[in-house]
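Subject: Two-chain model, handed over with notes

Hello,

Here is the structure I promised to pass on. Please open it first, then read the notes below.

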Amino acid sequence: MNTNSNTYTIIYSTVMVVIVAAVLAYVSVSLNGKQQANVNTETRQSILSSVNLGQGADEASDKNAYVEQEFNKYITDSYLVDAQGNKVDGDAFSLALTAGLKSQYDIMKQANPDVSKLTLPVFVCTLDDGSKVEIFPIYGAGLWGPIWGYVSLKDDYNTIYGATFLHKGETPGLGAEIATPNFSNQFIGKSIFDGGSLVSVTVVKGGAPEGSAHEIDAISGGTITSRALENAIRQWLEYYEPYLEKQKAER
Amino acid sequence: MKKEIYQNPFFKANPVTVLVLGICSSLAVTVKLEPACVMALSVTFVTGFSSLFASLLRNTIPNRIRIIVQLVLVSLFVILIDQFLKAYAYEVSKQLSVYVGLIITNCIIMGRIEAFALGNKPWPSFVDGIANGLGYGMILVALAFIRELLGSGTLFGHQIIPAGWYEAGYMNNGLIILPPMALILVGLFIWLQRGIQKDLIEK
């Protein structure tokens, strides 16, 4: 057979592509459930770790089940808030996944953001001692790819109770350090308001002064990632601010 | 089967230090040992099976589109690996991020298919692919060992350098985490190999 003829080449490539596409489609569909479960578990685990819970997950025999159980136990309420601070209906968890956070971030980063479209997820966590902590997701652009995280505030809506940050592809050992507890634990106890105005948390070079209420130490060699994280936190907290003010007034 | 097929890739014709292929990924994924090991295994799987299938199909592939056929084969296995890592080794797949997809562009794979699998029977081609993948993986693991130990003071994430050293003023080497230092390390490996194996030195 002449393997160099046009007909043979066209038939050969068509058949090959169809077979390969069928194999890949089959694998993708059959693994999709498991992959989505991993993504959900990661998000639940990050939300839990922002309130300093869920540490036993890596030792658990069935991690997905363990994380889901802990999540359902501690996260007692979740809802969406709009840019005016009103609660709106919707599935908070799916918007707290990276894809959901990105959809909200895409609205924010437009030149004239249409804030009426924003719906931001909030999670309410009831701790073992009965006190309530609220968790606010954040999302932004890092140096190489997206960075996102979950910041929890005590019920004074001012003091940070805990924080967790994640990233897609920051430099290992440098920007990627934002995902380590050593970095995120610095946020614990910082306050985001000064007087009546939102100041968020800023990163500083060369070590935050002892007892500083709004500053944490940036990562050496990871300046761009640190700054990007600072901006992401500020940007999202500004959109959460009406909600925070309302909650404070009600308290 | 000739012994050279499975012996050469480990030293005499190592894909990284002698053929100087696959350099980009060996700089990118060797900051920590765990992703380096997974990368090594993934590349071994892809080189082995794409060589096997290329060899099985070698008499039917139209010559004019053979590179595209190879590319489709390679990407098939790479996407399979990517999907399985996402489902069963999610943490590692996150660390490797884009580099799993970039296995497609690893010159070792296409190089072995072009140079070996298209002219040899399936079994030797498979062995050749696996051996080359492991030869590449060996360099990856060696690089990652040095880089993780000196750059982070850990191995597989476990602290190796005692805390007392840090108190005494020892610091992790930040430079070794960056790709340029990995390139210098690869250069040192090549130097070492050429010192041992004199016939590689150009006249």
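The notes below go through the chains, a sheet, some helices and the contact.

First, the ground rules. This is a predicted model, in which local features need pLDDT of at least 70 and side-chain atom pairs count only at pLDDT 80 or more, while totals for chains, interfaces and linings use all residues. Residues are numbered from 1 along each chain as its sequence is written, and chains are lettered from A and ligands numbered from 1 in the order in which they are written.

Chain A

Chain A has six helices and ten strands. Helices (H or I, at least four residues) and strands (E, at least two) are DSSP runs, numbered from the N terminus. The C-alpha trace of chain A spans about 85 × 40 × 40 Å along its principal axes. Of its 251 residues, 35% are buried. Buried means that 20 or more other C-beta atoms lie within 10 Å of the residue's own; exposed means 12 or fewer, and partly exposed is in between, with C-beta atoms placed from the backbone. Take the contacts in chain A with a separation of 6 or more: 55% of them are between residues 24 or more positions apart. A contact needs C-beta atoms, placed from the backbone, within 7 Å.

The sheet in chain A

Which order do the strands take? The open sheet has six strands, in the order β2-β1-β3-β4-β5-β6 of chain A, and the pairing is antiparallel. Strands count as paired if DSSP finds at least two bridges between them. The edges are β2 (87–88) and β6 of chain A, each pairing on one side only.

Look at β5(A), residues 146–153. Seven of its eight residues are buried, so strand β5(A) is mostly covered. On one side, eight bridges join β5(A) to β4(A), residues 132–141, and the two run antiparallel. A:Tyr139 stands opposite A:Trp148 in β5(A). A:Phe136 has A:Val151 in β5(A) as its bridge partner. Four residues form the hairpin link from β4(A) to β5(A).

Strand β5(A) also pairs with β6(A), residues 160–167, over seven bridges and again in the antiparallel sense. Here A:Ile147 has A:His167 as its bridge partner. The hairpin of β5(A) and β6(A) has six residues between the strands, and A:Tyr157 in this hairpin takes a positive phi near 55°.

Angles run from 0 to 180 degrees between N-to-C directions, and axes are lines fitted to C-alpha atoms, for helices over the stretch in contact. Helix α4(A), residues 98–108, lies across β3, β4 and β5 of chain A, at about 70° to β4(A).

One residue of helix α1(A) is A:Val29. Is A:Val29 buried or exposed? It has 9 C-beta neighbours inside 10 Å, so it counts as exposed. The C-alpha atoms of A:Val29 and A:Tyr105 are 28 Å apart, and the two residues are 76 residues apart along the chain.

Chain B

Chain B has ten helices and two strands. Its pattern along the sequence is α-α-α-α-α-α-α-α-β-β-α-α. The radius of gyration of chain B is 18 Å, close to the 17 Å that the globule rule gives for 203 residues, so it is as compact as a globular protein of that length. That radius is taken over C-alpha atoms, and the rule is 2.2 Å times the number of residues to the power 0.38. The C-alpha atoms fill a box of roughly 65 × 50 × 25 Å along the principal axes. Of the 203 residues, 39% count as buried.

Helix α3(B), residues 33–56, has 24 residues. From first C-alpha to last it reaches 34 Å, close to the expected 34 Å; the expected span is 1.5 Å times one less than the number of residues. In α3(B), 18 of the 24 residues are buried, so the helix is largely enclosed by the rest of the structure.

Where the chains meet

The contact takes 24 residues from chain A and 22 residues from chain B. On the chain B side, α4 (66–88) and α8 (122–152) each supply at least two residues. Helix α4(B) gives the largest share, eight residues.

Best wishes

Methods: Contact = placed C-beta atoms within 7 Å.
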